[in-house]
Amino acid sequence: MTDSRERNSGGQLSGISSVEKEGKMEIKCLSSVQGRVWLLSVFLPWIMLGPLLATDYQIQARLDTDTKIIQGTATITWINRASVPVEDLRFHLYYNAWRDAQSSFLTSNRVSMTDFSDWKDDEWAYNEIDELSVSMNGNSELEAAENPTSFDLTGNYSFIQPDDENSDDRTVLRAVLPRPAQPDETLVIKVGFRTKVPRPFARTGYRGDYYFLAHWFPKLGVIESDGNWNCHQFIQTEFFSDFGTYDARLTVPAGWIVGATGKLVAKDDNPDGTATHTFHQEEVHAFTWTTSPHFLEHRKRFEHPSLPAVDMRLLLMPDHAGQEKRYFRATEAALRLYGEWFGAYPYGHVTVVDPAYKSRSGGMEYPTLFTGGSRWLSPEGSGSPEGVTVHECGHQFWFGLVANNEFEHAWLDEGFNTYSTGRVMEKEFSPRYLVRRYLDDFVPVLFRDLQQSPRSVAGLGGNRSELKLDIMSKPSWQSGPAAFRRDVDPGSRVYSGGAYGVNSYTKPAMMLQTLERYLGWETFQRIMATYFERYSFGHPGPEDYFNTVAEISGQDLQWFWDETFNSSDVFDYAVDSVVSHGNRKSVVIRRWGEATFPVQVRVTFENGDQVLESWDGVDRWIRYSYSRPEEIQTVEVDPSHVLALDINRTNNTWLREAPSALAAAKWSFKWMIWLQSVLEGFAFHI
Amino acid sequence: MLQHLKRGLHRTIICREAVIWLYLTNLILVLVPTLLLFGEIEESLTNRVMAEEMSKGYDDIWFKEFSAEAKGLGSTFDPTVTGIGAILNSLDSQLSGQLFLTYLPIVALACLYALFWIFASGGLLQAFNRNAPPSFASFVSDSGAFFGRFFRITVLAAVGYALVFGILKPGVEDLLAYLLREEIDERIVFACTLGKYLLVALSLAALSMLSDYTKISTVVESRHSILLAMLRSLRLCLAQFRSVAGLYLMLTLVGLLLLLIYSIVAPGASQQSWPGVILALALGQAYIISRVWLRVLYLGSQFELFRELQNLDRQGDGNEPSIEKTESAETGIIA
C-alpha cells in the first residue's frame, strides 16, 4: 500500500504477455504454476474457438471542466463476426438519454414520476457526432493494401428506435455502410464526438470537480451471428458490448487524479496546464473513467497462493479517508472468495473508486474499475462500504468476465452477483447490524441487538408485492411497468418500481441459493465454476447456464426453471394445523403458493424423537398421522431452508408452546414507548 | 437561573399529582393501540418457531415478512424502537417535522393528548400561582377556566410551527441545496445540516417560550386577551433575552441529561423472560414520566422567572397596567 502516483507500463493481463497471432493466443509468461493452470483453463476455450474480440477502441478525449464538454475522437477497429454481410453500423449514444425529457429513458415508467420541468441547463447532456468515416479494407492485409477505401459517413446517419416507437429517442444511431461488410471483414471507423457531461444521472456525470464518466463515448452495438445488431435503446441502466482492446488518452487539468479502466501507461504534462493520461486495457467491454483533484490514492497488492496477484488502487474521497482498510478488505474478500469459488480474476489490477458525496455514481461496475459507496459516518458492522464493495467487485466476475447481455438478461449478472455477494458477506462480514440514520440521514445509530440476516438478501418476504408483476424470463429492458400500489394508497402515489429489481436481483439470488441447497454446495460450486470458465470473455444467455447446470448436476431441472424463470408464481409452504386426540396425532401441511417444490417435513415429538417426511409438494395439502402417546413438539416444513424462494418462512414452522405472547409483549411494549414519546413530542409544542 | 430551576422544581413537587395524572393520560391513550399491535404480532407468531427468536432477540426475516403484510398500526412497527431508538425516532421526526406526518390515527391520538395538555396547563399554572397543591376539583376548575384561552394560544403557536416547518425549514433546505449544489464533501454538508437543525430547534424553542410565557402571563396577570398576553411575553422575552434563553437552555440541558441517562440504561432486545420485559417496560415508563415531569418543570421554572421579571419590571415601570394582583416574590403568596 502506497500513496505514490501511478506511473506504470504495460496493460496486459496479470503475469501474461499475450500476442494474438492468426486467431490464437500465445501465452508467453505466467506468474505461477497455479496461475498457468488457471489461465490455460480459462483461455482454452478461447484458444480453441478463436478470439471473440470484435471491437478495439483508440480514444482521445479532452475534458473541458468549464463547459463540461468532452471533445474526442475514437478510432474503432471492428470485425464483422456475423456469418452474413452487414449493411449498417449501430452505435449507442447513451448520453442522449438526458438530451431532453422526451427520451425513452426519461419517459420510461421507472422515472416517469419525476418532473423534469425544473431541470437546469447543466443537468442535461448529449452525445454529438461531428465526424464519422469508415475504412473498409477487406479481409487481409493484401486486400487492404490493394484496395484502401475510406468513406465519409458524416451526416449520413439516422437515429433509430429498435425497442419502442419513440421517435424522440436518440440513443441508437444507425449509419448505412457504402457497401455490406463481409463476414470477418475488418472496418476501421473514425468518430469525432462531443459529449456534454450531465449533472449526475444514472451513475454518470459531474458534481463540483468530481467527474465520473461512464458510457460516455459513441459505442458500437454487438453484431449477432445472424447479422442482426443487438443495440438496444438506453432505457434501463444496463449494458452489453463486445470485448476489445481499449487505448485511451485522456486530457484533464494538470494535477487532477485519473482512474480508468485499464492501467496507466503514460502521463504527460501539456504546456496548456493540462495533463494527458494514457490507459491501456485488453479484453474488456467498456471504458470508464473518473477524475478529480481531491482523490486520495492508496495501493495494495492482493496475493493468494493459487490465484493471480492483483494490484488494487483505491481512489478515496477525503471525507472517507478513514475507510481505506475497509475498502481494501472488502475488495480482497471478493477477489479471494469469488476466485476460489468460481475462477480467478485475470487482469492483475483493479481500481476502486470511492464516489463523491451525492455524485450518484456509487455502486456500479465497469471492467477493471468499480465504484463503492460510503458515508462519512459509517460504523463498523453496518456493512457499508463492505457490501457494495464486494458486490461491485463481484461484478468483475459476473458481467466483467462472464459478459451476459444485461439489456436482456440482467439477472444473469445481477442475480448471480447478489447471490455471490451474500455468500461473501455471510462468510467474511458477519454479523451485520441494523443501522438507522438520523438528522437527514447523516447520523447513524447501529443497533447491536438487531442483527441482520447473514446474507445480503435473506428471503423474499419483503418482495411479495413485486414478485407477481412479471416473469423473470421477460427481457430486462421490458420489465415493469411500475405498478401502482392501490392496495397501499388509493391515491396511487405509492408505487412499486416494477419487476426489474426483484427479477434481476432478489428472486434470481434466492433461486440460486435454493439450487445450491438442493444440489449441495460441492455440485453447485462446480456448476458455477464451469459456467464461469466456459463463458469468461463470452456472452452467455440463460440457456447456456441451464445447460451447464444440467450437465454438471446430471439432472433435468427444467421443472425448476419452469417454476422460477418462466413463471411469476410464488412458493409458500406452511404448517397448517397440528391436532392431537389421545394417541392420534396428525399434521397438515399446505401449499399456499402456486409454485411447487419438493420439501421435507420434520416432526419432533416431546421425547425428542424425530420423523422426517418427504413430500413432492405438488398437492395443495398433505396430512401425516401418527399413533403414539407423545405430544408433537415442533413441525418444520423445509427444516434445512432449501427453498430460499419461500415467501413466508414464518408459517413454515409450528411450535407447541411458542412464547408468542412474550415476544409480542416485548416488542409492542417497546413500540409503546416510541408512541408515548411521540405523544410527548406533541405535548412539547403545547 | 439555577434558582429558577430549583424553585421550578419545587413547583413541580407541588403539582406531582398532576404530573402523575398527565403520565397516566399518556399511558391510557397508548394502551389500546399497543394492545392492537400486540395482537397483530402475537397472531403472526402464534405457534411459530420465530416466536422463540423474537422473544430471545430479533429475527429480521420475520420482521420483513410481517411488515410486508402489515397494515395500519402494524405498518408503524419498526425494530429500531428498541433501546434508545424509540426516543431518537420520535425526536428525529419531531425536529424534522415528520411527526405531523405520522400514521393518521397516531396523529389524532397525539392531538387528543395535546388537548389534555392544553387543558391541564391552566390548572398547573394556577397551582403554581397559588403555590399550593391543587385539589382535584380546583385543578379541573382552573383548567377549564383557562382552556379556551390556552387553546387559542396553541392555535397561534401552531401557526408558528406551520411557518417553521412549512416555510422556514424548506426555505433553508432550498437555500442549502443551491449553495451546496457542487459540494462533494459530506462533512461540509453535514455541518450545514446541523446549522439548519439548530435554526429549526431555536425557532421551535422561541415559539415554545413565547407560548409558555403567554400562558403564564394569562394566568399570573389574569389576562383575557391572548394577543395582549402574547405581546407582553414577547416584550419580556426580548427585554430579558439572556435570562429567558439561559433558563430555556438549562432546561433543555436537563432534558438532554435525561436522554443520556436513558440511553445508558435503555434496554435493548435481549429480554427473554417476563420479568425482563416488565423491567424494560418500567425503565421506559420511568423515562416517559421524566419527560412529563420535564415539561412541567419547563412551565414551573419559566413561571418563576416570569414572576421575578414581573417584579423587576414593576419596580422599573410603576405604570404596568395589567397587574391587578401582587404577590410576594419571596413567598409567592397572593396578597
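Student: How much area do chain A and chain B bury between them?

Tutor: This is a predicted model: local features need pLDDT of at least 70, side-chain atom pairs count only at pLDDT 80 or more, and totals for chains, interfaces and linings use all residues. Residues are numbered from 1 along each chain as its sequence is written, chains are lettered from A and ligands numbered from 1 in the order in which they are written, and side-chain values use heavy atoms, with hydrogens and water left out. Buried area is the accessible area (1.4 Å probe) that two parts lose on being put together, summed over both. For chain A and chain B, 66% of it lies on carbon and sulfur atoms, and the total is about 8,400 Å².

Student: How many residues of chain B are in contact with chain A?

Tutor: Contact means heavy atoms within 4.5 Å. Chain A brings 76 residues to this meeting. On the side of chain B, the number is 104.

Student: How many salt bridges are there between chain A and chain B?

Tutor: Side chains of opposite charge can pair when their charged atoms come close. The rule for a salt bridge is a side-chain nitrogen of Lys or Arg within 4 Å of a carboxyl oxygen of Asp or Glu. A:Asp440 and B:Lys196 form such a pair, with their closest N and O atoms 2.4 Å apart. Between chain A and chain B the count is 6.

Student: Which element gives the largest share of the side of chain A that touches chain B?

Tutor: Helices (H or I, at least four residues) and strands (E, at least two) are DSSP runs, numbered from the N terminus. Elements of chain A that give two or more residues to this side include strand E26 (433-438), strand E27 (443-451) and helix H13 (660-684). The largest share is 25 residues, and the element is H13(A).

Student: Which residues have the most contacts inside the largest nonpolar core?

Tutor: A nonpolar core is a set of buried Ala, Val, Leu, Ile, Met, Phe, Trp, Tyr and Cys residues joined through side-chain atoms within 4.5 Å. The largest one has 166 residues. Helix H4 (residues 324-341) of chain A gives the most to this core, with 9 residues. Those with the most contacts inside the core are A:Ile189, A:Trp216, A:Trp289 and A:Tyr545.

Student: Is A:Asp88 buried or exposed?

Tutor: A:Asp88 pairs with A:Arg174 in a salt bridge (2.4 Å, N to O). The pair links strand E5 (residues 86-92) and strand E9 (residues 172-181) of chain A, with the two residues 86 apart. Buried means under 20% relative accessible area, exposed over 50%, and partly exposed in between (1.4 Å probe, protein chains only). At 6% relative accessibility, A:Asp88 is buried.

Student: What separates B:Asp60 and B:Lys64 along their helix?

Tutor: Their side chains meet in a salt bridge (3.4 Å, N to O). B:Asp60 is buried at 5% relative accessibility, whereas B:Lys64 is partly exposed at 35%. Both sit in helix H4 (residues 60-69) of chain B, and because they are 4 residues apart, the separation is about one helical turn.

Student: Which residues are linked with A:Arg199 in a network of salt bridges?

Tutor: Over all chains, the structure holds 42 salt bridges. One network includes residues from chain A and chain B. Linked with A:Arg199 are A:Asp122, A:Glu123, B:Arg181 and B:Glu182.
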